[in-house]
Structures are given as structure tokens and as C-alpha cells.
There are 2 protein chains.
Amino acid sequence: MRCPVEATLNVIGGKWKAVLVWHLLEGGVLRFGELRRLLPGITQKMLTQQLRELEAAGVISRTVYAEVPPRVEYAVTAHGRSLRPLLEAMHAWGLQHCLQRDDDIAMPQNFVM
Amino acid sequence: MRCPVEATLNVIGGKWKAVLVWHLLEGGVLRFGELRRLLPGITQKMLTQQLRELEAAGVISRTVYAEVPPRVEYAVTAHGRSLRPLLEAMHAWGLQHCLQRDDDIAMPQNFVM
DNA sequence: CTGTATCCCGGTCGATACTG
DNA sequence: CAGTATCGACCGGGATACAG
């Protein structure tokens, strides 16, 4: 990889990754089902996959509790927490951008309100 | 848009978009061929496509000069300039957290688009 | 020089069924 | 509850040819 900007996009540029990290930064520790409810439209498969990739990047942690019923909790790591200013900048820019040019932006096919 | 973070990713989350805007913020007005040289590996088709989508989002402007040979210049709009802090944050984060292993080995010089 | 227009391959993603 | 497995449709994106 030749450009740091690209490197960052590789970490949080996935279809749901930035939003996932954003929710985990806001909500603290969250369970699998809670995350699924926070992202209407995501499939179980994609949620698992994106979480695994974020975990592999060292951004989030995954804790499995040997209980019945099973419980798995996700949280941002110290490394992931360093993304907060970036995600806040994205959130702020998105707010401003949406208000001004909402109808001009091409929405993804699976866009869910 | 349900989540402003997603909205921002829709604008600069494409494969080459963030890097394109980054280069245009750094280099000012750039021609099509100049951008192509700045992004080794991008195809003509993708460059055109990503530029068109950035233009549709109001981030960059496209100016065609009726000359022979043709000349088309791209530049960030005032709206696009508001992305600078965001891209700088992405650049900084990528440098700090992901790019330690990057050396100065460039693309092979026989690599021609 | 700056693009369109095709073709097509591989990965992405959703749907569904099944498991510990 | 929190996954895994599998199949298939879709589309992003590369290669190539052609155009203004």
C-alpha cells in the first residue's frame, strides 16, 4: 500500500465497518444481537464477517462467555479508540453534507432508512 | 440517511475516491492524465467513473476545454475543500497505525497503463 | 488526450438451512 | 443466542477496442 489514506480505508472502508465502530464507540460494550439491531438491513453473515475483519485489524475485541444461552461481547480496543476523532469528523461532515445535498447523493442499493 | 457516517463513506468510500480528493487537495488543479499518473494501477475506466461520481457529489469540478488535443481539468470545489480535515485525519491515522512497513520501493518502471 | 463501449471474471453479498 | 455452511445472483472492476 502506497498511500496512508488508502490504508485507513482498508480498515474502516468496508460496507458496515465504520458504522459498527461508531456504534461501539458510542455504546461501549455491545452484544452480537444488539449490534444486529443497531444495523437494520445487515445480514448475520455480513455482521460476523465485518466484526471478524475489524477484530483482525485490532480495532475491536471479541469476548466469548461460556454460558447458556451464549453471549459474545464486542468492544473497541485502545487501538480502535484512536479512530474516534476520525469517525467524529466523518459524522460531522456527513451531517452537514446530508442536509445540503441529500437528494444528489447516490444511495447504496441496500439502503435502509 | 440513517447514519451520517455512512453518508460520508458514500462520498469518499469508493476504491479511489479518497485518494483522488487527497491528490486534488494537495496538487490543486490537475488534468486527467496527471491524475492517472498519480494513481498507478487505476484503469482509465475507473478513473473516469470515480471522477464522475465525485463530481455528482459536488466534491470536485470538471472543466472541459474545447481544444485540440482535448484538455480536461479537475479541481476540488468549495464543498470538497471541507473534506480536507477529514482526509488529513485519515492520512495521519494511516501513517501512525498501518504504514510502518512501507518502504520506498516504487512500482516497476515498465509498468505502463 | 480524454474519454465510451463491451466483454467477462472473481469477489461480494443475500437467502436459506443447519449447529453448539 | 451466536454463529457456520452453502449456493447463487449481482456487480465492481480489469482488459481491450474504439471514438471525438
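Predicted model: local features only at pLDDT ≥ 70, side-chain atom pairs only at ≥ 80, totals over all residues.
Residues are numbered from 1 along each chain as its sequence is written, and chains are lettered from A and ligands numbered from 1 in the order in which they are written. Local features need pLDDT of at least 70, side-chain atom pairs count only at pLDDT 80 or more, and totals for chains, interfaces and linings use all residues, while side-chain values use heavy atoms, with hydrogens and water left out.

DNA strand C is surrounded by 18 residues, of which A:K45, A:M46, B:R52, B:R62 and B:Y74 are the closest; a residue is near a molecule or strand if one of its heavy atoms lies within 4 Å of it. Of the atoms of DNA strand C that come within 4 Å of the protein, 57% belong to sugar and phosphate. Elements that each supply at least two residues of this surface are α4 (44-56) of chain A and α3 (32-38), α4 (44-56) and β3 (71-76) of chain B. Here helices (H or I, at least four residues) and strands (E, at least two) are DSSP runs, numbered from the N terminus. The largest share, four residues, is contributed by α4(B). By residue class, the surface near DNA strand C comprises seven nonpolar, five polar and six charged residues; Ala, Val, Leu, Ile, Met, Phe, Trp, Tyr, Cys and Pro count as nonpolar, Asp, Glu, Lys and Arg as charged, and the others, Gly among them, as polar.

An N or O atom in the side chain of B:R62 lies 2.3 Å from a phosphate oxygen of DNA strand C. For the side chain of B:Y74 the corresponding distance is 2.7 Å, and for that of A:T43 it is 3.4 Å.

B:Y74 also takes part in the sheet of chain B, as the bridge partner in β3(B) of B:L30. This open sheet has three strands in the order β1-β3-β2, with antiparallel pairing; two strands pair if DSSP finds at least two bridges between them. Its edge strands, β1 (30-31) and β2 (60-65) of chain B, each pair on one side only. The antiparallel pairing of β1(B) with β3(B) extends over two bridges.

In chain A, nine of the 11 residues of helix α2 (residues 17-27) are buried, where buried means under 20% relative accessible area, exposed over 50%, and partly exposed in between (1.4 Å probe, protein chains only). Among these buried residues are A:W22, A:H23 and A:K17. The helix is followed by A:G28, whose phi is positive, near 75°.

Eight salt bridges are found over all chains, a salt bridge being a side-chain nitrogen of Lys or Arg within 4 Å of a carboxyl oxygen of Asp or Glu. B:R71 forms one with B:E67, at 2.8 Å between the closest N and O atoms, and another with B:E73, at 2.9 Å from N to O. B:E67 is partly exposed, with a relative accessible area of 37%, whereas B:E73 is buried at 17%. A further salt bridge joins B:R84 and B:E88 (3.6 Å, N to O). Because B:R84 and B:E88 are four residues apart in helix α6 (residues 84-98) of chain B, about one helical turn separates them. In chain A, salt bridges that share partners link A:E67, A:R71 and A:E73 into one network.

Key. Polar contact = N/O pair within 3.5 Å; in protein donor to acceptor, adjacent residues only side chain to side chain.
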